[in-house]
Amino acid sequence: MKAVKLISKICVILFTFLFGVLVVGGTIVFENEAAVNTFFNAQTQEVLPDPDAASKDSEYFKTAFNSVAEVKANGQVYAETIVAEGATLLKNQNGALPLAAGATVSLFSTSSVDPIATGTGSSGSSGNVISLKEGLETAGLSVNEELWMWYEDNLGTYGRVKSGGTVGTTWTINDATWEEVNTAAKTQQVDAAIFVLSRSGGEGIDSTIYGGDKGDFGDGNYLKLSPSETDMLKNLKKQKDAGTFDHIIVLMNSANQVQLDFIDDAEYGVDALLWVGTYGEVGAYAIGDLLAGNVSPSGRLADTFWREHWLNPVHANYATLIDTTNNASQWNTNSSTGQNVRDIVYQEGIYMGYRYTETRYEDTVLKDKENVGKFVYNDVVAYPFGYGLSYSHFTYSDFKVTRNAGSAVDGTEATYTVSVKVTNAAATDGGVSGKEVVQLYVQKPYTAYDRDNGIEKASVELVGFAKTDMLDPGSSQTVTITIDERDLTTYDSYKAKTYIIEDGTYYLTAGRDAHDAVNNILAAKGKTVADGMTAEGDQDMVYEEKKSFDATTYSKSAATGAPVTNKFDDVDLKLYEGAGDNKDRLTYMTRSNWEGTVFFGLDEANNRKDTFFNVTYTDKMEEDFDENWSPVVEGNTSHDGQYPTYGSKATTYKLIDLRAFEDGTPIPYDNEIWDDLLDQLTWEDTVQLLSCGFRKTNPVQSIVKPETIDHNGASGPVQPYNENSGAGVNRGYAVRTEDPDRSQRPVVYPCNALVASTFNLELADYYGRQWGEDCLWGGLSGLYGMGINTHRSPYGGRNFEYYSEDPVLMGQIAAETTKGMATRGVYVYLKHCFLNDQETARCGGFTWANEQTIREVYLKSFQIAIEDGGAQCVMGGLNSLGVKWTGTHGFMNTVLRDEFGMSGHVVTDSYSCYNGSYVRGVYYGNDIPDGTLNTGKENFDYVKEGGHADMAWAMREAAHRVLYTVVQSNAMNGITSGTRIITLTPWWVDLVKNLQVITGVLLCVSVAGFAFSLVMTRNSLRKKGGRQ
Amino acid sequence: MQVSAILKDHFKSKTLGFYFTVAVILLSLVQLIVYIAAFTPVSWESYMHWSVILFSVLAIVSGAALSVSRFTAPWAPAAATLMEFLSFLMFMRYGYMYFSQIFFSGISLSLIMQMYYGYLVSILLYLLIFVLGVISMFLPQTKAKTKAKAKGKAHAAAGGKA
């Protein structure tokens, strides 16, 4: 009996443990059902086809290809073209490039054999990346084999060392010094030495500019040459001098621009610099062609390339340079991560990137303002925004601007048509065929009104651009760019509180880059090199027009006609009612007082300066912050407190019935038929739709709304073509045709900055179609992309996902890509909306900026992609706008929808890193969570109890938006009025439930056994006692 | 004097198992204090749940109460450990999202070391409590009475006072 007692005791402990773990663990996994389904690829739905499907054409979005192999081949063509047209030649002296046919080259640095194809994190991808050696040899060049082999053989000893996981990856540089490289290999006689300079970036972490684990970064600045790289370049110079090779060429392989303080230093002797970004799977072929001269470079920089990053004033208030210990408080610690949240004050206002460098440069030349301070343009800027060389030379002429008046009758607004004749001057200076980018910049007057009302004006702003066709030597093309007069407006945050035109002279100029544009305007103002200009300008390329103050014409949205007025007072410490003393302490950067308002985060020695704006917290801030967590919005006034109709049987629509009228015309969002369909939804259907958006939208059986796959891909789709096929959700071509390559991933596409650098809208459209094909074959209806946050700093972790520092370039490229993807029935989620321009403290970080800055810079790319590209959806940022989480701020309704006319839904960013109640967010237009949590889902039940008509109607509208987006997408491919959808219980759910029952029973048996053994022992003792 | 004698007698009758149980109870108390201290700040309160505290209190109370009497003492470690286990389950139930956050990019020692002290210390304490509790369950809580009685009888038979 003793043994029985012992065994049953052990069993009780064991099964208590197992039962407890299974019950609680089961609860947790059921809450995260979608994530677990994805992990196990478990089937969750079955689509029963229409018996009459054969007689109906249900392929609403058709592919142009026959196999995954064809899709990928086409993807490779576009990926290569993007690099060929986007890679930017920045320096080319002493006839370094192009290399002669059959030229031999030595490739230096471990990155030459291990280049960076893409970034890391949710948009990272992997594939068979073509080596530089193959790329160069295919282009007809010859590579020093011995040196190549040495680097390959020593890749384990030298080269980047990764740490961290998928997100938050960091890398050391760890390159070989000159001494360490095999002597015979490195001194082989060749025509040129090519040094590959690589830097990685990725989600979850910004590159370090200062401090941290300095490792082999020298002074902790990751984007500066490391000691080993410095050593290598200096020794290459010595070898060049010794005649080992004629030229040193640097390939900058990074989406985060490296600090270029070395580029013109005689010690390094660099002859040529080609920026190639992170160039994807097949970009090496394009790089070979560019180096060999098979293709003439036509890329133009999408960012300012700084000579000194410490002279970039955004770094006063950027990422790791903001001290958490000084401004962290108890209540602004992120509740989901427990990390201190930092305040990120966009104190520089609009003066970011070229808007700062060119404006301060102009003021330095004009000398018409006080406190301009010392500013030596060439010490700050290595290459300006829009800059790029070619193997040819282009001249501009016949610059014409025509103003086209708007019409009050048909509601059209005034536009400007700008034309310029571009000639390939190769006939006279020996160039080759090539393409040229014409960039149109505007200068608005900086007036007394501006000074009085806190308005800032950059000296130039890009308003349009065009790329020529391939121009043969001696041939010409007249390019035409049309812009709206609206593009000349300024947002007045503090007085008119809308868009205004001001009294004064407006300039339009066609420039080769931002600096060239300023020089043109300065020339028109009578300035020359003698006044301090870096080069003479061309006043023939300048158009001037005087305008009068107008605060009315553009005070309404062009897209919807809604009045445009301040919506972000709570994000501006100058206007926020809870700003406290911050209002008086904060000074935004102003060109009226450069010297007094420009702060740097670092000094000349790369030492940190605590110049960030340290927000002090107020009770009102805490109150507003806490409101993010309030479960729902209290309110019962909508529709006189009456809830919507649920579960109506009056109509029996299926979602597919609301796709289009019989003549094929799409049924508009506001058609009354939608009301009938929405009435059919039960309460449970509505909650089902809104409670999960983790890489999908949920199915609704009653109206035959299929589950969709919406997945990552800020710079192109990255998931295998058979993603979620086991779940029965993937209805892409690859799965349906059982394509043998369906488990492959799409091509690894280059970074988005390369796409922007092409300045080619037509290419962007075709690129979008290619991404659309990837989605169509992979069963994706929605893509979490494109990433259109701003390159505020070169150190941004996700810069490879984003396009540019300029919102117009970024917005127009994104708009064309969106249109291209829409031809394949894919809806995009522009992300991460907005002011989510750094990774440090991205979870809930408080971002502060004034409305002019927001509307003219950081939100503008979203506006253009929505208004011009028809982008339907966005992903909200993890950050907070002021102290309000983006999901509960309200701008998604008041700005994105009311002003920009966005028709689709909004998904949160990862809802495991949230900073507010997503159910509350529904009221503010944030429709679904990118998470599977049922945490907070009970808040829907709270609404159901009654007295929350406002929330109920907001939920209905959110459901409407999700359904409207999906019905217009490729998710409806294969679905007709006779199709049925059955939702299935995944196998693992049954398994967990059965295990719970089994362990529960075993626990009961063990307890019974233990109790039995106790009784028997006691009886036994009693008997023994009796006998005694 | 009498009280101290009683106490002395009481503890004289206790075995190693009893002290394990006492350790379980004391550690449960420490765990409770740590939990309350770590999760009452506003930024962490969303991870706090009353049931964690309730079961911890029950562990302490039941463990202590059952330990008093020699008849109930054998049940003390089981009751205390069970209640702490329930407390731990609730702790995980309402706080697991933290782990999905901190280990989003994979598990590493450095990430573990970076964990919020409330989690790190609580988990270590829970583990210690479970190990001690389970060991205690297999140990006698008091010295066997029969032996003492037998000793007494033998002493009386030899002419001494029982």
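Two strands pair if DSSP finds at least two bridges between them, and strands themselves (E, at least two residues), like helices (H or I, at least four residues), are DSSP runs numbered from the N terminus.

## Basis of the model

This is a predicted model, in which local features need pLDDT of at least 70 and side-chain atom pairs count only at pLDDT 80 or more, whereas totals for chains, interfaces and linings use all residues. Residues are numbered from 1 along each chain as its sequence is written, with chains lettered from A and ligands numbered from 1 in the order in which they are written.

## An open mixed sheet

In chain A, four strands form an open sheet of mixed pairing, ordered β11-β26-β28-β29. Because β11 (343–345) and β29 (884–885) of chain A stand at the edges with a single partner strand each, one side of each is left without a neighbour in the sheet.

Strands β26 (residues 846–848) and β28 (residues 880–881) of chain A run parallel and are joined by two bridges, with Phe846(A) standing opposite Ser880(A) in β28(A).

## The buried side of α19

Helix α19 (residues 683–690) of chain A has Asp685(A), Thr686(A), Val687(A), Leu689(A) and Leu690(A) buried, where buried requires 20 or more other C-beta atoms within 10 Å of the residue's own, with C-beta atoms placed from the backbone. These buried residues of α19(A) pack against α28 (918–923), β31 (928–930), α29 (938–944) and α30 (949–967) of chain A, contact being defined by C-beta atoms, placed from the backbone, that lie within 7 Å.

Definitions and conventions. Buried ≥ 20, exposed ≤ 12 C-beta atoms within 10 Å, placed from the backbone. Contact = placed C-beta atoms within 7 Å.
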